[in-house]
Amino acid sequence: MKAMAGGYARATDVQHALDLLAGADGMGRVLAGGQSLIAAMNMRLSTGDMLVDISRIADLRGVTVEENRLRIGALTRHAEIETDPLIAEHAPLLTQAAGHIAHAAIRNRGTIGGALAHADPAAEFPACVLALGGMIHVQGPDGTRDIPAEDFFVDVFETALEDGVILTAITLPLAEASEKHLLRETARRSGDYALAGLCLVKRAAGHRLSAFSVGPRPLLALAAMERLDAGDIVGAVSALRAEIDPTGDTQASAAYRRHLAGVLLTRAMAEITGEPA
Amino acid sequence: MTEAFRDRIDIALTVNGEAVEARVPASRHMIDFLRLDLGLTGAHSGCEHGVCGACTIHVDGQAVRGCLMLAAQADGAEVWTLEGLTESGVIRDLQDAFVARNALQCGYCTPGMLASAMDLLEQGGIPDRATIREHLSGNYCRCTGYEAIIDAVEGVAKARAGKETA
């Protein structure tokens, strides 16, 4: 089908984009890589949008290490994340995740900020940022705000981002020398949305585990994390299955997704500990 | 600031090496712009939501989905479609291999397959079959069963690396 946008404007900088959004009478829609938004527009799931194209704002792009944290600009593309040496060193979970996202041609345009703001419950990056304990930086008419990932994802396609506010960057703690990152998911075909997926981070301070595609938003599996810290993998699997809230669809039943999440955790822990599952 | 929003946007870009200026509706995606406005029907319009890969084109040196990019976003871009790639001869060997291996039947997916495979081949080396398969996982073919397409891409990679013995 064909999209039906209300209008289009190309923002020259963040302030310009904020002004455009403020003048869009509530119909403003930020366009970045467009790999989810334009698909939704083509299917007429979204119509009449006043598109604010932020994709040329150079300040919102790129990866740096600042004040002992990894900073990733919102417009950094999946394909760049897949090959960026700073990300591979300091947040290898994102490197792993990028390879699972859709296909090469989509990774060439899709952006991490777009993926987070879109908040698809089946998407990899939201769950990664949650597992890594990241911070999401936004800018609006009233200035800038930092939102912990734990508080950012609210419901299906719903975040703590208010109208007229732009996600500008994320920052992540730098991985410790002995830190281990693992992303495991099962999809029917390469590039499809996962039936269930997990992000596992093992730090000196303990385990962090997030799950995606098993509920209305990515979930930080606190009960399973507590069991993993206690060395109780079987207990962690049970806890995880109790914590998640999958729904069934044509791809997989809720019961199967729940089962799968536990299998993925067992396998991920076997890989991290080097002991057979 | 609402006056800054436009429902028609002026763009200037190069398509297949030629300068193009146009005024496009805000909703126009690249594939309709190329096919309907410029008459370049090489890239195909398939699912129009980024799943099938038939619309794959090259923008600023990278393979992208033509249906998931607005024409308004292409201002200043360098765009190549199958027409230009064919004329320039950069994928002559790949096209010949598709014919020789019978890597197409109806041909609907072929422009997208070529545009995607070209990306992989430009990375150099000889990708293994799993890598080729993974790279083409975003391009649907309902005729061939893919094997002949993988054969063609693998054959060209080997030939380009100077190791083709067949």
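At what angle do helix 3 (residues 92–100) of chain B and helix 6 (residues 147–160) of chain B pack, and how far apart are their axes? The two helices pack at an angle of about 140 degrees, with their axes 9 Å apart. The structure is a predicted model, in which local features need pLDDT of at least 70 and side-chain atom pairs count only at pLDDT 80 or more, while totals for chains, interfaces and linings use all residues. Residues are numbered from 1 along each chain as its sequence is written, and chains are lettered from A and ligands numbered from 1 in the order in which they are written.

Helices (H or I, at least four residues) and strands (E, at least two) are DSSP runs, numbered from the N terminus. Axes are lines fitted to C-alpha atoms, for helices over the stretch in contact, and angles run from 0 to 180 degrees between N-to-C directions. Angles under 35 degrees count as roughly parallel, over 145 as roughly antiparallel, 65 to 115 as roughly perpendicular and the rest as oblique. Helix 3 of chain B and helix 6 of chain B are therefore oblique to each other. From helix 3 of chain B, B:Asp93, B:Leu94, B:Ala97 and B:Phe98 take part. They meet B:Ala152, B:Gly155, B:Val156 and B:Ala159 in helix 6 of chain B. Two residues are in contact if their C-beta atoms, placed from the backbone, lie within 7 Å. The residues of this contact divide into six nonpolar, one polar and one charged. Here Ala, Val, Leu, Ile, Met, Phe, Trp, Tyr, Cys and Pro count as nonpolar, Asp, Glu, Lys and Arg as charged, and the others, Gly among them, as polar.

Chain B also holds an open sheet of five strands. Their order is 2-1-5-3-4, with mixed pairing. Strand 2 (18–25) and strand 4 (62–65) of chain B are the edge strands, and each pairs on one side only. Two strands pair if DSSP finds at least two bridges between them. Direction ignored, neighbouring strands of this sheet are turned by 40 degrees against each other on average. Within it, strand 3 (residues 56–59) and strand 5 (residues 78–80) of chain B pair in the antiparallel sense over two bridges. B:His58 has B:Trp80 in strand 5 of chain B as its bridge partner. Helix 4 (residues 110–122) of chain B packs on the sheet and touches strand 3 and strand 4 of chain B. The direction of helix 4 makes about 45 degrees with that of strand 3 of chain B.

Chain A contains an open sheet of four strands in the order 11-12-13-14, with antiparallel pairing. Strand 11 (180–186) and strand 14 of chain A stand at the edges, each with a single partner strand, so one side of each is left without a neighbour in the sheet. Strand 12 (residues 196–203) and strand 13 (residues 206–212) of chain A are joined by seven bridges. The two form a hairpin with two residues between them. In this pairing, A:Cys199 stands opposite A:Ser210. A:Ser210 also stands opposite A:Leu220 in strand 14 of chain A. Two bridges join strand 13 to strand 14 (residues 219–220) of chain A. Their hairpin has six residues between the strands, and A:Ser213 takes a positive phi near 65 degrees there. Helix 5 (residues 92–100) of chain A lies across strand 11 and strand 12, running at about 20 degrees to strand 11 of chain A. Helix 10 (residues 222–229) of chain A lies across strand 13 and strand 14, at about 145 degrees to strand 13 of chain A.

Seven of the eight residues of strand 10 (residues 166–173) of chain A are buried, so this strand is largely enclosed by the rest of the structure. Strand 10 pairs in the antiparallel sense with strand 5 (residues 69–73) of chain A over five bridges. There, A:Leu70 stands opposite A:Leu172. Strand 6 (residues 135–140) of chain A also pairs with strand 10 in the antiparallel sense, over five bridges. A:Ile136 has A:Ile170 as its bridge partner.

Finally, the two chains touch. In total, 33 residues of chain A are in contact with 31 residues of chain B. By class, the side of chain A that touches chain B has 18 nonpolar, 10 polar and five charged residues.

Note on methods. Buried ≥ 20, exposed ≤ 12 C-beta atoms within 10 Å, placed from the backbone.
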